[in-house]
Amino acid sequence: MISINEYATPESVEEAYNLLIKKRNNVVFGGGAFIRMGSKNISTAIDLSKANFNYIVEDENTINIGAMTTLGDIEHSPILKKYFNNVLAKSVREIVGIQLRNIVTVGGTVYSRYGFSDFITGLLALNTNVELYKQGNISLDKFLEEGSRERDILKSISIMKDNRKAAFSSMRNSKGDYAILNVAISNLNGKYRIAVGARPNRAVLANKSMEYLNNNGFSQKNAVEAAKIASEELTFGTNSRGSNIYRKQLCYVLVKNTLMEVQGYED
Amino acid sequence: MKIEMKINGVKKYFEVSPDEYLVDTLRNNGYISVKRGCDTGMCGVCTVHMDGKAILSCVILSAMANGHEITTIEGVREEAKKVGEFLVSEGVEQCGYCSTGLIMNILYLEKCIENPTDEEILHYLNGNLCRCTGYSGQLRAIKKYLEVKNSESSE
């Protein structure tokens, strides 16, 4: 159950930030879908929907996605469809139902660094930065690892249009449920990025596995070995959806299969 | 706080609490087709359209809907009746509690995809749970409805 004393719709990020730092329990609201399931006393809920953060645009080098863009917008974006084998749309399409995806926002998901997120895992396999109002640009992997150093507002994310190939896969107990484990992998000129999320902790890169592949190149045998390394280097937890042992096994299978899929795009 | 919404084409003003959810504002003001279900965004029975997009009214604060256009099934009676007839003819109306949310999502699907495949229909229906009938009958009903709708519009 949440309680909210006041509701504000600032028209600029400056105004939103000043409201945010005014009180400890002032909160930037995003879509509010996950907050709904928790319990929180909020002094002022700050809604950014009038601050012009709902967009997906591209320039010569990057794709920029505003914080208030919904996962439904990600799923149907003609811009995102052109890049990375549409991996971002594929990463969000199993999240509950279309009605919820039309509410959940990019900013709410990424700033909160939700462990269960499929979208964050998709982004992590790409060359992604987050743009924070006070702290500026930070790479997504650093942001996921360290979080925000101070109270801040996520304005947008940017993705380098570096023409990498990418694939996403996940395992669920039933359609629309949270993933037991998810994996996204990209390949740019033989350099692989392997992201594993819903461990159930937040998504991370499988660095040793990436290093192995980047040094030895892709082959079926090396994909099997890289998957084995990923499943051994990462830590997995247990929750109602699956045990750490099951997740470790899943990691091996999903990394191997997703690597094959990415390689398939190259052939 | 005071909010304004255009509901089914009519401008309305409401006094709401900042933590009131849209499903409550709607139901408290007579739009009782909008059902309360899981309250966690999982079951789809509270589906309405906001600015033409299907959303869950149990997840959206009424304050977030301020200034937006909301459509409930009361605003699309004729279209809903047609869909409903196909659901009945396939025997998938049963208790009917999920029907209004389901129909609102079918109408959204129809707007988004012209000739959806079975896979696309099931993908859109992922957010509407039904405890009575299962989903095969719903799939049959939707396919028949869209077939008839498409043949009518091509005449």
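Is Glu131(A) buried, partly exposed or exposed? Glu131(A) is partly exposed, at a relative accessible area of 28%. The notes below concern a predicted model.

1. **Strand-to-strand salt bridge in chain A.** Glu131(A) pairs with Lys155(A) in a salt bridge, 3.6 Å from N to O. Lys155(A) sits in strand β8 (residues 154–160) of chain A and Glu131(A) in strand β6 (residues 128–132), so the bridge ties together parts 24 residues apart in sequence.

2. **Loop-to-loop salt bridge in chain A.** Glu94(A) and Lys175(A) form a salt bridge, with their closest N and O atoms 3.5 Å apart. Both residues lie in loops: Glu94(A) between α4 (87–92) and α5, Lys175(A) between β9 (165–172) and β10 of chain A. The two are 81 residues apart. Glu94(A) has a relative accessible area of 18%, so it counts as buried, the cut-off being under 20%.

3. **Salt bridge within chain B.** Glu90(B) meets Arg140(B), the closest N and O atoms being 2.7 Å apart. Glu90(B) is in the loop between α2 (77–89) and α3 (99–112) of chain B, and Arg140(B) is in helix α5 (residues 136–154), 50 residues away. Glu90(B) is buried at 15% relative accessibility. Arg140(B) is partly exposed at 41%.

4. **Network and total.** Glu58(A), Lys82(A) and Lys161(A) are joined into one network by salt bridges that share partners. Over all chains, the count is 17 salt bridges.

5. **Interface size.** Chain A puts 29 residues in contact with 29 residues of chain B. The buried area is about 2,400 Å², and carbon and sulfur atoms give 57% of it. On the chain A side, Tyr7(A), Arg36(A) and Gln99(A) lose the most area, together 30% of what that side buries.

6. One salt bridge crosses between chain A and chain B. Its partners are Lys53(B) and Asp73(A), at 2.9 Å from N to O. β1 (2–8), α2 (71–76) and α5 (98–101) of chain A each give two or more residues to the side touching chain B. β1(A) gives the most, with six. By class, that side has 11 nonpolar, nine polar and nine charged residues.

7. **A buried strand residue.** Ile180(A) lies in strand β10 (residues 179–188) of chain A. Its relative accessible area is 0%, so Ile180(A) is buried. Its contacts beyond four places in sequence include Met171(A), Ala198(A), Tyr246(A) and Leu250(A).

8. **Record annotation.** An unreviewed UniProt entry lists residues 1–164 of chain A as "domain: FAD-binding PCMH-type". Over that range the chain is 31% helix and 24% strand. The end C-alpha atoms are 43 Å apart.

Technical notes: Residues numbered from 1 in each chain as written. Chains lettered and ligands numbered in written order. Predicted model: local features only at pLDDT ≥ 70, side-chain atom pairs only at ≥ 80, totals over all residues. Heavy atoms only, no water. Contact = heavy atoms within 4.5 Å. Buried area = accessible area lost by both parts, 1.4 Å probe. Salt bridge = Lys/Arg side-chain N within 4 Å of Asp/Glu carboxyl O. Helix = DSSP H or I, 4+ residues; strand = E, 2+ residues; numbered from the N terminus. Nonpolar A, V, L, I, M, F, W, Y, C, P; charged D, E, K, R; others polar. UniProt positions renumbered as here; feature names shortened; annotations may be inferred. Buried < 20%, exposed > 50% of the residue type's maximum accessible area, 1.4 Å probe, protein only.
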